[in-house]
Amino acid sequence: MSTRRSARLAAPPFTQATAGCLSSAIGEHGLSEQELASWLNKLAEPLAELKTRYHDRTLDLLRIAEDTADLEAAEQAYAKLVAGARAIVFFGIGGSSLGGQALAQLGGWSIPGTADAAQKARPRTRFYDNLDAHTLGAALAAFDLGSARFVVTSKSGGTPETLVQ
């Protein structure tokens, strides 16, 4: 197992915080502590059921994040993709694009946002979806096509918007 992967497995991939939805944080349109407590109380039984099914392994969907069998192959594919690349451009529509963007953000790729030194050492990463020809042409003109890599994502393989891209 790679050092990078063992470090990933040792720490939770994300944290969940609800403080930002509270009225104490965002004002009158946020939830009060009492409202949040009421919702959490309503969710207690379904959450307990999910926890039981997780521990009993009776709902495989709850274990997907723990399946690491494909990580080595993914790391090898990534290494091949970025070799000599200065930019990686992703094309997709809807979930095909949003899923990749979410993974990039969870992976610390800072999309969108500012980049730290480690992120600046990586190829530039851009996601494009639902672009008109003029906007797409202008975006592509900004890349050195010899050092750019393109990834096209489509669940069906026949999404018209992705094919047009």
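This is a short tour of a predicted model, stop by stop.

Residues are numbered from 1 along each chain as its sequence is written. Because the model is predicted, local features need pLDDT of at least 70 and side-chain atom pairs count only at pLDDT 80 or more, while totals for chains, interfaces and linings use all residues; side-chain values use heavy atoms, with hydrogens and water left out.

**Whole chain**

Select the protein chain and colour by secondary structure. There are 8 helices and 3 strands. Both are DSSP runs numbered from the N terminus: H or I with at least four residues for helices, E with at least two for strands. Along the sequence the pattern reads α-α-α-α-β-α-α-β-α-β-α.

Switch to the surface. The accessible surface comes to about 12000 Å², and 59% of that belongs to carbon and sulfur atoms. These areas come from the Shrake-Rupley method with a 1.4 Å probe; for residues, only the protein chains shown count as cover. Of the 165 residues, 18% count as buried. Buried means under 20% relative accessible area, exposed over 50%, and partly exposed in between (1.4 Å probe, protein chains only).

Now contacts, meaning heavy atoms within 4.5 Å. Take those with a separation of 6 or more: residues 24 or more positions apart account for 62% of them.

**The strand pair of rings**

A pair of aromatic rings is described by the distance of the centres and the angle of the planes. Rings of Phe, Tyr and Trp (its six-membered ring) pair if their centres lie within 6.5 Å; planes under 30 degrees apart are stacked, over 60 edge-to-face, the rest tilted. By this rule there are 3 aromatic pairs. Phe-90 and Phe-127 are stacked, because their ring centres are 4.7 Å apart and their planes at 10°. Phe-90 is in strand β1 (residues 87–91) and Phe-127 in strand β2 (residues 124–128), 37 residues apart, so to speak a link between distant parts of the chain. Phe-90, at 21% relative accessibility, counts as partly exposed. Phe-127, at 17%, counts as buried.

Step to Phe-91 and Tyr-128. Their ring centres are 6.2 Å apart with planes at 35°, so this pair is tilted. Phe-91 sits in β1 and Tyr-128 in β2, again 37 residues apart. Both Phe-91 and Tyr-128 are buried.

**Charges over rings**

Select Trp-39 and Lys-42. Lys-42 lies over the face of Trp-39, 4.4 Å from the ring centre. The rule wants NZ of Lys or CZ of Arg within 6 Å of the ring centre and within 35 degrees of the ring normal.

Next, Tyr-54 and Arg-63. Arg-63 lies over the face of Tyr-54, at 3.5 Å from the ring centre. Arg-63 is in the loop between α3 and α4. At 16% relative accessibility, Arg-63 counts as buried. Leaving aside neighbours within four places in sequence, Arg-63 contacts Tyr-54, His-55 and Arg-57.

Follow that to Arg-57, in the loop between α3 and α4 (71–82). Its phi is near 60°, a positive value in a residue other than glycine. At 55% relative accessibility, Arg-57 counts as exposed.

**Last stop: a nonpolar patch**

Select Leu-47, Leu-50 and Leu-62. They form a nonpolar patch on the surface, with about 230 Å² of accessible area together. Leu-47 lies in helix α3 (residues 33–56). At 43% relative accessibility, Leu-47 counts as partly exposed. Patch members have over 30% relative accessible area and no salt bridge; like charges are joined within 9 Å, nonpolar side chains (Val, Leu, Ile, Met, Phe, Trp, Tyr) within 5 Å. A salt bridge is a side-chain nitrogen of Lys or Arg within 4 Å of a carboxyl oxygen of Asp or Glu.
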